[in-house]
Amino acid sequence: MTRNRERVTPARQPGSPDLRPVAEAPPSVRESQPLNNQELPRDRSQAILEAAKQVGALLKRKGHSFALAGSVAVYAHGGSGHLQHDADFCVRRSDAEAVAATLAEAGLTVRIPPEDWLMKTTCLGQDVDFLFELAHRPVTTDLLARAQDVPVDSVHMPVLPPTELMRGLIEAFSEHYCDFGPALATARALREKVDWEDLRRSCGDEPMPAAFFFLLERLNVIAPREEPR
């Protein structure tokens, strides 16, 4: 995710989760930091993967509803092991306070960036983002219910299915953001597992997604769409 200047205790907006108790955790919680005291992997991609496994296992133990997203989710479905930037998890906005409390209990400091659609922490030296929205669509119970129980190396956890991973990438395209590179790599890696017709129905009429589908067709990543006669 893009890094931004961060603050710890923002003013609470109406209807938003109150995360102030996390920032004001007692010294015994803040100073323990058991997860961050572990030896860091030297390889950046391995460090991101290990952070995702640690946080995913923690959320599972505490019974939170979540789904792994981003490049680690693509890797879990058979994509590249060259991971991008950070580990991403989807959680419902209504669960943000409970998830933040769990992270604080494990010694992880929760940070609230200026954007109102995520919160962040650091595990094993790597950024971990908790997303309340994907491409401006809120994370819902239905979305999390579609997650698949997939092994992420040795840790099984809920992972967004390939079609939803691609949907989040494609729906993010706009006139102000149309970097097809990461989405193209993901499409090539997961093309046999994606419901492309579902994606065309949901977002194929928008200009930038339509251009991306055209590119995939020209590169023989997906079959051309059959036009009705």
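Of the 229 residues in the chain, 46% are buried, where buried means under 20% relative accessible area, exposed over 50% and partly exposed in between (1.4 Å probe, protein chains only). This is a predicted model: local features need pLDDT of at least 70, side-chain atom pairs count only at pLDDT 80 or more, and totals for chains, interfaces and linings use all residues. Residues are numbered from 1 along each chain as its sequence is written, and side-chain values use heavy atoms, with hydrogens and water left out.

The chain holds ten helices and eight strands. These are DSSP runs numbered from the N terminus: helices are H or I with at least four residues, strands are E with at least two. Take the contacts in the chain with a separation of 6 or more: 66% of them come from residues 24 or more positions apart. Contact means heavy atoms within 4.5 Å.

Start with helix 9, residues 196–203. Its buried residues include Trp196, Leu199, Arg200 and Cys203. Seen down the axis of helix 9, the buried residues fall within an arc of 100°, so they line one face of the helix. That arc is taken over the directions from the helix axis to the C-beta atoms. What covers the buried residues of helix 9? The cover includes helix 7 (162–171), helix 8 and helix 10.

Now look at helix 9 against helix 10. Their axes come within 10 Å and cross at roughly 150°. Axes here are lines fitted to C-alpha atoms, for helices over the stretch in contact, and angles run from 0 to 180 degrees between N-to-C directions. Helix 9 and helix 10 are therefore roughly antiparallel to each other. The angle classes are: under 35 degrees roughly parallel, over 145 roughly antiparallel, 65 to 115 roughly perpendicular, the rest oblique. The crossing of helix 9 with helix 10 is left-handed; that is, the near helix is turned anticlockwise from the far one by less than a right angle, and clockwise would be right-handed. Helix 9 contributes Trp196, Leu199, Arg200 and Cys203 to the contact, and helix 10 contributes Pro209, Phe213, Leu216 and Glu217. The residues of this contact divide into six nonpolar, no polar and two charged. Ala, Val, Leu, Ile, Met, Phe, Trp, Tyr, Cys and Pro count as nonpolar, Asp, Glu, Lys and Arg as charged, and the others, Gly among them, as polar.

Helix 10 (residues 207–218) also meets helix 8 (residues 180–190), with axes that come within 11 Å and cross at roughly 50°. That makes helix 8 oblique to helix 10. This crossing is right-handed. Phe180, Ala183, Leu184 and Ala187 of helix 8 touch Met208, Ala211, Phe212, Leu215 and Leu216 of helix 10.

Next come the loops. His77 sits between helix 4 (70–76) and strand 2 (87–90). Is His77 buried or exposed? His77 is buried, with a relative accessible area of 7%. Among the residues it touches, not counting those up to four places away in sequence, are Gln148, Val150, Leu165, Leu190 and Lys193. His77 and Val150 are 73 residues apart in sequence but 7.7 Å apart in space, C-alpha to C-alpha.

Finally, the loop between strand 5 (133–134) and strand 6 (137–138) holds Ala135. Phi of Ala135 is near 50°, a positive value in a residue other than glycine. His136 lies in the loop between strand 5 and strand 6, and has a positive phi of about 70°. Ala135 counts as partly exposed at 22% relative accessibility, whereas His136 counts as exposed at 71%.
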